[in-house]
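Below is a short report on one protein model.

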Amino acid sequence: IQSTKCLTRLVIRSSAASPQSIEPEEQSTIAIDVTGQGWQRFAELASFVRRIIIGYEENSPYLSAILHLARINAGQPLLPAVQEIRCTGCPDIDTIIYSIAGSSLRKLLVRADFCDWASALPTSDAAQRLLYKLPQRMPDLRSLCVRAHDLQYSKDVGSSIRSLRKLSSLRIHWKSSSLRELLDDYMDVAFSLESLCDLALPIAKWEGTPRRDIYGFPPLQRLCLMGSNVYGSYISALYPLTKSSPLEVLEVLELPLHARDERCVAEEYDTVISGLLATCADTLTVVKLDLGTSSTVSIPAASFLQPLRQLRRLRVCKIHWHDGLTFGAGDLGDAASAWPHLTKFALFWGWWSEMDAAPLFEDIVRFMCACPQLAKLQLPGLAFADMGPLDSTSVRSLPQSCTIAELSVGDPSRLARTLRSLLPSLRRVDQALRSATPRWRLVLSELSVLIRVRSR
């Protein structure tokens with residue numbers, strides 16, 4: 001049993017195969033003779049498995065292998081004690097899941113976000129079959145996340161989900177058109193789950209407004225709003241939901257803004273996002289936004305960050321803005337003064353080339369000074385202009401992870417000297433130099449020379 005710590009693969013072979021037939025790279029695998037003692041050994045090991053991750057490879061034989069084992073096991077789950085399954089992609093997901101797991105399952109996550117093959121997404125029929133049978137096969141499920149190809153919502157599927165009385169997390173990516181007239185029904189399903197505290201709500205192409213019972217929704221801690229054809233009025237209709245919940249995590253994904261010019265886009269963004277955040281500003285600690293417009297515009301970064309400044313408890317902030325931002329002096333540093341507990345900050349925006357389309361270096365330093373707990377910082381770029389001496393005495397420590405992909409700089413040598421004064425303990429930049437972009441390579445080359453001179 002102790003050898004399972006080194007188990008990386010499971011090899012199915014016939015009784016005629018010899019142990020010597022295993023390739024050298026498979027020495028950390030366990031071979032099973034399904035007609036002899038190998039099956040008993042598998043059964044013993046299977047009882048210890050609590051969590052399993054299922055990958056996907058095109059034309060992989062693992063599906064037939066699992067089905068073969070399931071037939072030998074007389075329809076009983078192959079892993080009778082498994083509590084969590086994470087599947088990164090499989091077209092016939094219902095067959096796989098029900099062959100592997102039974103009533104012990106508590107968490108099921110089916111996603112294909114990191115898979116290169118479109119065929120890895122489960123089919124809508126397979127996903128629906130999976131959802132239909134869940135109450136009978138896995139009645140104590142606590143967490144359910146499913147992403148399938150064109151997954152259609154229906155009242156029958158909703159009735160099945162309603163029967164999972166212990167469900168606390170519900171995140172299903174429905175095909176938006178299937179919820180056009182049934183979103184209220186889906187919200188009724190979620191409303192009936194008394195233990196629910198984490199909900200993904202697809203509101204794309206939603207017709208109408210929520211019914212009055214939105215005021216009696218279970219108190220949510222996490223809410224994800226997804227929509228590709230949503231107007232601000234739809235979001236504002238959900239204010240009672242966010243206001244009545246002690247929300248700690250809010251995600252707004254794939255949300256388009258419909259205004260065409262810079263002024264109108266800024267106004268629409270402020271109306272939608274500021275109003276939404278205001279309803280739960282006292283409790284939010286994590287915010288993730290994925291926004292954009294149907295036109296290419298740039299709006300001031302100060303205006304963009306303003307709605308977030310009301311979140312005094314903010315710890316994690318990740319924003320993808322698919323259009324441009326223009327930065328003035330101090331925009332980042334001023335915003336950070338409102339987030340004393342911030343530990344992770346990632347802000348990505350559309351490609352920039354002008355100097356004012358990226359924050360200034362000294363502003364980023366001010367940002368880090370204002371956030372003493374910051375451990376991770378991600379930006380697509382920075383600008384470095386002529387400036388006076390940088391007072392870095394208040395920078396107690398830099399984030400453990402700081403990623404700034406691109407650079408706009410007039411004098412690489414000056415930036416290198418500034419970095420050297422800011423990072424007096426820095427000894428090597430070799431690894432960063434090898435993977436740097438051309439502009440960063442100039443700066444890091446100069447910095448490397450300064451390090452060698454100082455060490456002599």
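Phe-384 has a relative accessible area of 3%, so it counts as buried (under 20% relative accessible area; exposed is over 50%, partly exposed in between; 1.4 Å probe, protein chains only). Phe-361 is buried too, at 6%. The model is predicted: local features need pLDDT of at least 70, side-chain atom pairs count only at pLDDT 80 or more, and totals for chains, interfaces and linings use all residues. Residues are numbered from 1 along each chain as its sequence is written, and side-chain values use heavy atoms, with hydrogens and water left out.

The ring centres of Phe-361 and Phe-384 lie 5.7 Å apart and the planes meet at 70°, so this pair is edge-to-face. For rings of Phe, Tyr and Trp (its six-membered ring), a pair needs centres within 6.5 Å; planes under 30 degrees apart are stacked, over 60 edge-to-face, the rest tilted. Phe-361 sits in helix 12 (residues 361-370) and Phe-384 in strand 16 (residues 376-384), so the pair links distant parts of the chain, 23 residues apart. Helices (H or I, at least four residues) and strands (E, at least two) are DSSP runs, numbered from the N terminus.

## The other aromatic pairs

How many aromatic pairs does a search of the whole structure find? The count is eight. One of them joins Tyr-153 and Trp-174, edge-to-face, at 5.0 Å centre to centre with 80° between the planes. Tyr-153 lies in the loop between strand 6 (143-147) and helix 5 (155-162), and Trp-174 in the loop between strand 7 (169-173) and helix 6 (183-192), so the pair ties together parts 21 residues apart in sequence. Both Tyr-153 and Trp-174 are buried. Together with Tyr-186 they form one aromatic cluster.

## Leu-182

Leu-182 is placed in the loop between strand 7 and helix 6. Its relative accessibility is 21%, so it counts as partly exposed. Leu-182 touches Tyr-153, Ser-154 and Lys-155, leaving aside residues up to four places away in sequence. A contact means heavy atoms within 4.5 Å. From Leu-182 to Ser-154 the C-alpha distance is 7.7 Å, across 28 residues of sequence.

## The nonpolar core

The largest nonpolar core has 120 residues; Leu-144 and Phe-345 have the most contacts inside it. Such a core is a set of buried Ala, Val, Leu, Ile, Met, Phe, Trp, Tyr and Cys residues joined through side-chain atoms within 4.5 Å.

## Helix 9

The largest share of the core comes from helix 9 (residues 262-278), with six residues. Helix 9 has 17 residues and reaches 23 Å from first C-alpha to last. That is close to the 24 Å expected at 1.5 Å a residue (1.5 Å times one less than the number of residues).

Which residues of helix 9 are buried? They are Val-265, Glu-268, Tyr-269, Val-272, Ile-273, Leu-276 and Leu-277. The face turned away carries exposed Arg-263 and Thr-271.

## Whole protein

The protein has 15 helices and 17 strands. Of its 456 residues, 48% are buried. Among contacts with a separation of 6 or more, 75% join residues 24 or more positions apart. The accessible surface is about 22,400 Å², 50% of it from carbon and sulfur atoms (Shrake-Rupley method, 1.4 Å probe).
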